[in-house]
Structures are given as structure tokens and as C-alpha cells.
Amino acid sequence: MDRDNILLTPGPLTTTLRTKLAMLKDWGSWDSDFNALTAKLRQQLLDIINDQGHYVVVPLQGSGTFSVEAAIATIVPKGGHLLVLDNGAYCKRMAKLSNMMGRKTTILSQIEQEPIDPDTVKAALQADPTITHVGFIHCETGTGIINPLVAISELCKAFNVGLIVDAMSSFGALPIDSQDVTFDALISASGKCLEGVPGMGFVFIRKAILAKCANNSHSLVLDLYDQHLYMERTGQWRFTPPTHVVAALAEAVQQFIEEGGQVARLARYTENCKMLLDGLSEQGLKPFLNPDYISPIIITFLAPTSPNYDFKTFYNDIKSQGFMLYPGKLTDIETFRIGCIGAIGSKEIRQVVDTIKYCMQKMKIN
Ligand SMILES: *Cc1c(COP(=O)(O)O)cnc(C)c1O
């Protein structure tokens, strides 16, 4: 049948028909209609962090990582020193891209099973006064763990270092209020919890540091300072925008507002998460993380220990029933992941739990 599979993945994810239909129109990138669309979207994004005039938001073409790379390039000066707090794969990616652009980078690695420990970070900041910025992943999508944003923000304020937050997979679902947390930059993208399609990121930048960001970037296309300046002056994107992606995100944000914003989205994802944990624990499937640390974004499950289990077969079997899971991202332990995010609710989760049960029986896994 010509029906989309349900994506249980952390982006791209399942979108609504309304969001998909918003992509059926061609826009002129220089035209006033498209400029108005971009301007309205930027204001709505600022509203989501409850901005009171202290931040700007700069959209950027590309997948989420392009915006992480752009944020580091724009915010951390060439002589800066970034401390990356690491408890998973996306943290390691941030350190890698920072190193590659020649920024002095120190990686503070902790175990993947525990949230970032603020005391350890405090000790690292005390020990090395050359650190100018901290790089922090809010929800480490590799495992699904939530890291303590407010505590790290307080520490950075106390030590007078800048904070760069990768909030890619948490923004829109977990609370991020600019009255409670201070950051130099915070990054997310279209195809995550706002439930748009992939193709653009956006970076909130604190106005107070913006002027210092001129000429930091080694890269033309990743220069968010320049992108912002140009957008303020002309209302346009600097280079060809992903027009259909922008239109889809604008439509998705409209639905986000209609649903009840971040609070309603978190409630729906939390229910999805709970139903997955309850339903799959009946099948003997256990989460990798301590239940206290599991986010309603994505759950890492330990692979069944049965010799009959094979991820590829399991995945294909479940896909043949209309659902797409996500492979694990841990090096030593065999796992698979199931996303709680996207335009899915209790109906789809009940169906996927039944499907997993059916496929496990078929593969004789228990
Ligand atoms: C999705 C995601 C990214 C961006 O990944 P892309 O593949 O570039 O879209 C970055 N950080 C986190 C935590 C993510 O979940």
C-alpha cells in the first residue's frame, strides 16, 4: 500500500499531513511573501524561549550539525578555549568539529549512563582559567539522557564563561526558558521536536555578545554573525534558503502553538515514552539507562540476549509492518533505540508495541 511508515526516530520524524502539504508551493527567495514568512517564524521561535528582547535567532541552511558547527565558529573566537562536556556520541561530535576548525578544545568525558555532573565541571573550570566557553548537549540523543541545563548555566555564569547549548533534540519538548537559563548560543533544527522536515537549523544568540562575534568564523557559509546582519538588513537569507523546509517549519510551528506549545508537546511525548517502557517491559525488553534519566525524546533499549536476535532481521520485520526503529549508538553494548517524538501519539505507540511483540514471537525471542 502507498502509505508512509511511522518513523520512531529522532529526526527525520513522522510529520502531519498539514506540514507535508505546506511544501507544495514554490516561493521566491527574495520575495516579500517569503521574507514575511521567515520574519514571523523567527519571532515565533524567540517566543518559545520566552525571550524578553535579549536574544536573536539566526536560521541556517543544512542539517542540525551545520548549525552546531556554525555556532562554535561564530561564538568562540580563534584564541578561545572550548570545554566540551561529554557523555555520548553527539558530545564527541561537537568536540571533533571544534578541533577541526582549530579552536582549542578540551573534552571532559564522563560515563554515558549518568547525566553530566556539575561538580566535576566546576572542578574543571577551577583548574583551567584559560577556558572561555563550555559546550553542552541538553539531551544526548546517543543514549537519550537529559543533562542538567540550569545547573550548568549557573556554573558558566559564576565562572564568567560562555555557554553553547546543543538543544537539538530537546528544544520544543523540554522547558528552555531564557528567564531561567543564560547562554551565548542555543541550537536546534527544523526536523526535531517542532516536527518540521529536516533541512535547516537555527541558533539563538545572546544580543550582548553579538558584536564581539564579527570575524570569528573561518567559514563564509557558517558565519552566523554575517547571516544575521544580512537578514536584519534585507529580510532575506544570505544564500538560497531551503524555501520548502522553511514553509513546512512555519506550518509545523503553527500546529505546535495550536497543540498548546512546549507543555502540551512534553505531555504527549511523556505519554509515548511511558507506553513504550511499560509495553516493552512486558516483552522483557529493558532500557539501557536508569529510568530516572530516561528522556521522553528517545529510549535506548538493550538488545534481547536470545541467540535468535539479530538487529537487521528484527528491524526489517518491524519495518514490513509499517514502523521504523533506530539502531543503537553505543560501542560496547548491543542496543536499539525508539524515538518518542514526531507527530505520533498513543494510537501509534500501542500499534508499535503490538508489532514488536508479534515480531519477537515470530523470531522466537524471549
Ligand atoms: C539530531 C541531532 C544533531 C544534528 O544531527 P544532524 O544529523 O546533523 O541533523 C545534533 N545534536 C543532537 C543532540 C541531535 O539529536
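Colleague: Which residues are linked with Glu195 in a network of salt bridges?
Modeller: In this predicted model, the side chain of Arg265 meets Glu195 in a salt bridge at 3.8 Å, N to O, and the side chain of Arg268 meets Glu195 at 2.9 Å. Arg268 also forms a salt bridge with Glu259, at 2.7 Å. The network of salt bridges therefore links Glu195 with Glu259, Arg265 and Arg268.

Colleague: How many residues apart are Arg268 and Glu195?
Modeller: The side chains of Arg268 and Glu195 meet in a salt bridge, and this pair links distant parts of the chain. Arg268 belongs to helix α10, whereas Glu195 sits in the loop between β9 and β10, and the two are 73 residues apart.

Colleague: Is Glu259 buried, partly exposed or exposed?
Modeller: Its partner in a salt bridge, Arg268, is buried, with a relative accessible area of 19%. Buried means under 20% and exposed means over 50%, so Glu259, at 30% relative accessibility, counts as partly exposed.

Colleague: Within what arc do the buried residues of α12 fall?
Modeller: In α12, the buried residues are Glu348, Ile349, Val352, Val353, Thr355, Ile356, Cys359 and Met360. Seen down the axis of α12, these buried residues line one face of the helix, because they fall within an arc of 165°.

Colleague: Which residues are exposed on the other side of α12?
Modeller: The buried residues of α12 pack against β1, α10, α11, β12 and β14. On the other side of the helix, the exposed residues are Lys347 and Gln361.

Notes: Residues are numbered from 1 along each chain as its sequence is written. This is a predicted model: local features need pLDDT of at least 70, side-chain atom pairs count only at pLDDT 80 or more; totals for chains, interfaces and linings use all residues. Side-chain values use heavy atoms; hydrogens and water are left out. Buried means under 20% relative accessible area, exposed over 50%, partly exposed in between (1.4 Å probe, protein chains only). Helices (H or I, at least four residues) and strands (E, at least two) are DSSP runs, numbered from the N terminus. The arc is that of the directions from the helix axis to the C-beta atoms. Contact means heavy atoms within 4.5 Å. A salt bridge is a side-chain nitrogen of Lys or Arg within 4 Å of a carboxyl oxygen of Asp or Glu.
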